[in-house]
Structure formats: C-alpha cells, structure tokens
Amino acid sequence: MTPDEIEASMLAAFNDCDAASCPLTDTQKEILLQFVEQIQGNSTSRASDIANPLDELTPEELEAFLQFVKDEEQRNRTWKVQLLNDWLLQNDSGRVQFIRQRYGLQWLNRVESYHFDKYSYFEDALKLRVGDRIEVSNALWEWVQEDGPCKREWFPCMVIKVEEISNGDHTSTNCLLRFFNGAEYEIQGIYEWNRYNWRWLKK
C-alpha cells in the first residue's frame with residue numbers, strides 16, 4: 001500500500017470505530033495520522049517516538065518524578081505499581097501527587113521504560129526485571145564497526161533471569177535473555193560494562 005492508501009484506510013477505520021460506538025479520541029487520531037506522515041517522509045522513527053509523555057512535565061515536575069522513580073527502583077519496588085496503589089487506596093503520593101491531580105491515569109499508562117532513555121543521566125535508574133522486553137546489540141557476540149562491513153544490529157528478547165554477583169568488594173549483574181526464536185544468551189555486567197549493548201524495547 002502507498003502512504004496515501006494507508007492514510008485513507010486509517011480515516012475509514014476511524015469512521016468504522018465511530019459507527020461501532022468505539023470512537024478514538026482526537027489525540028489517538030492525531031498520533032496515528034502523524035505516524036502516516038512519518039511513513040510518507042520515509043522517517044526511521046517509530047510511532048512510539050512521536051510523543052514522550054515525560055516531555056509534558058515541567059522541569060520541576062520532571063525532576064521530582066525521576067527522583068521518585070529512582071528511589072522506588074532502589075527499594076526494589078516497581079514505581080508504577082506504587083503510584084497505582086496510592087491512587088486505588090486514596091493515599092497521598094507525596095512529591096508526585098501532581099501526577100494524579102494534573103495528568104491522571106491516561107498519562108501514567110502511556111509512560112514506558114524506553115521513554116526514560118531520553119534522559120541519559122537517568123538511564124541506569126530503571127532496573128531490569130524478569131519479563132521485561134529489551135533489545136540487544138550483535139556487538140555482544142561479534143565484532144562490529146560503525147563504518148565496517150559488520151554493522152550494529154538490534155534483536156528483541158525477554159529477560160528471564162537477573163542475578164547479582166558479588167566478588168569481594170565488587171558487585172556486578174548478570175542477565176539471562178531469551179530471544180523470540182527460543183535461543184538463550186547470558187550478558188555479564190549488564191549495567192556495569194555492557195550498558196551500551198542493550199536498550200529498552202520500544203513497543
């Protein structure tokens with residue numbers, strides 16, 4: 001299909017959603033149409049790159065939110081679950097109460113792990129957990145060069161085990177991955193010396 005045919009199909013789908021009493025919001029329609037425009041411009045970015053919900057926060061809100069997420073991760077608690085529990089139990093979320101008051105559940109549901117990648121100073125704060133989906137680079141198992149015959153490629157996989165290894169004063173983290181073809185691969189020092197070779201999977 002040509003980009004114009006895709007756009008026409010999407011507009012027809014919007015009408016079908018309306019007719020089925022399941023209308024899309026204007027924001028959803030805008031995101032989908034922007035994606036079509038990117039296809040027409042041969043953009044290499046994905047639909048998920050269009051809008052990073054963290055960009056909607058003020059600098060002060062962003063700083064408070066990132067600190068909250070970092071603190072929760074250091075306590076080995078999932079930050080999103082903590083916020084949702086607060087909301088369900090009507091508890092005050094402290095310095096991030098503004099998320100519930102100003103942005104709400106819809107905003108919270110849009111935030112994914114890869115959105116934090118934009119904030120390089122924050123990238124190591126989110127810890128990997130079993131079930132997380134990431135992408136790993138072929139640089140882990142073969143020699144790659146930016147301008148050579150073997151280029152860097154990315155492969156999606158799922159985290160199936162995370163293990164912290166202590167050796168005297170030194171601690172590192174190993175991670176066992178399963179690729180979608182069933183093969184498994186262990187990355188040693190996933191945070192310490194292999195951080196450059198993996199990234200959060202964009203959905």
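How many aromatic pairs does a search of the whole structure find? The search finds 11 aromatic pairs. The structure is a predicted model. By the rule used here, the count of salt bridges comes to nine, while a search for disulfides finds zero.

**Aromatic rings**

- Trp79 and Phe116 form an edge-to-face pair, with 5.9 Å from centre to centre and 80° between the planes.
- This pair links distant parts of the chain, 37 residues apart: Trp79 is in helix H4 (residues 79–88), and Phe116 is in the loop between helix H5 (97–110) and strand E1 (133–137).
- Trp79 and Phe116 are both buried.
- Trp141 and Phe155 form a tilted pair, because their ring centres are 5.7 Å apart and their planes stand at 45°.
- Trp141 lies in the loop between E1 and strand E2 (154–167) and Phe155 lies in strand E2, so this pair ties together parts that are 14 residues apart in sequence.
- Trp141 is partly exposed, with a relative accessible area of 38%, and Phe155 also counts as partly exposed, at 30%.
- Ring pairs join Phe65, Trp79, Phe98, Tyr103, Trp107 and Phe116 into a cluster.

**Charges over rings**

- Lys127 lies over the face of Tyr191, at 4.5 Å from the ring centre.
- Arg199 lies over the face of Trp154, at 4.1 Å from the ring centre.

**Salt bridges**

- Asp71 and Arg95 meet through their side chains in a salt bridge, at 2.6 Å from N to O.
- Asp71 counts as buried at 18% relative accessibility, whereas Arg95 counts as partly exposed at 46%.
- Arg77 and Glu72 form a salt bridge at 2.9 Å, N to O.
- Arg77 counts as partly exposed, at 33% relative accessibility, whereas Glu72 is buried, with a relative accessible area of 5%.
- In the salt bridge between Glu163 and Lys161, the closest N and O atoms are 4.0 Å apart.
- Glu163 counts as partly exposed at 34% relative accessibility, and Lys161 counts as partly exposed at 43%.

- Asp86 is found in helix H4.
- Asp86 is buried but has no salt bridge, and Arg100, the nearest side chain of opposite charge, is 6.0 Å away.
- Leaving aside neighbours within four places in sequence, Asp86 is in contact with Asn91, Asp92, Ser93 and Arg100.

**Cysteines**

- The sulfur of Cys17 is too far for a bond with the closest cysteine sulfur, because that sulfur, in Cys22, is 6.8 Å away.
- Cys17 is partly exposed, with a relative accessible area of 24%.
- Cys175 is in no disulfide, and the nearest cysteine sulfur, that of Cys157, is 7.6 Å away.
- Cys175 is buried, with a relative accessible area of 0%.

- Asn52 has its place in the loop between helix H2 (26–40) and helix H3 (59–74).
- Asn52 counts as buried, at 12% relative accessibility.
- Asn52 and Tyr114 are 62 residues apart in sequence and 9.3 Å apart in space, C-alpha to C-alpha.
- Apart from its neighbours within four places in sequence, Asn52 is in contact with His115, Lys118 and Tyr119.

Terms used
Residues numbered from 1 in each chain as written. Predicted model: local features only at pLDDT ≥ 70, side-chain atom pairs only at ≥ 80, totals over all residues. Heavy atoms only, no water. Phe/Tyr/Trp six-rings, centres within 6.5 Å; stacked < 30°, edge-to-face > 60°. Helix = DSSP H or I, 4+ residues; strand = E, 2+ residues; numbered from the N terminus. Buried < 20%, exposed > 50% of the residue type's maximum accessible area, 1.4 Å probe, protein only. Lys NZ or Arg CZ within 6 Å of the ring centre and 35° of its normal. Lys, Arg positive; Asp, Glu negative; His and termini not counted. Contact = heavy atoms within 4.5 Å. Disulfide = S-S within 2.5 Å.
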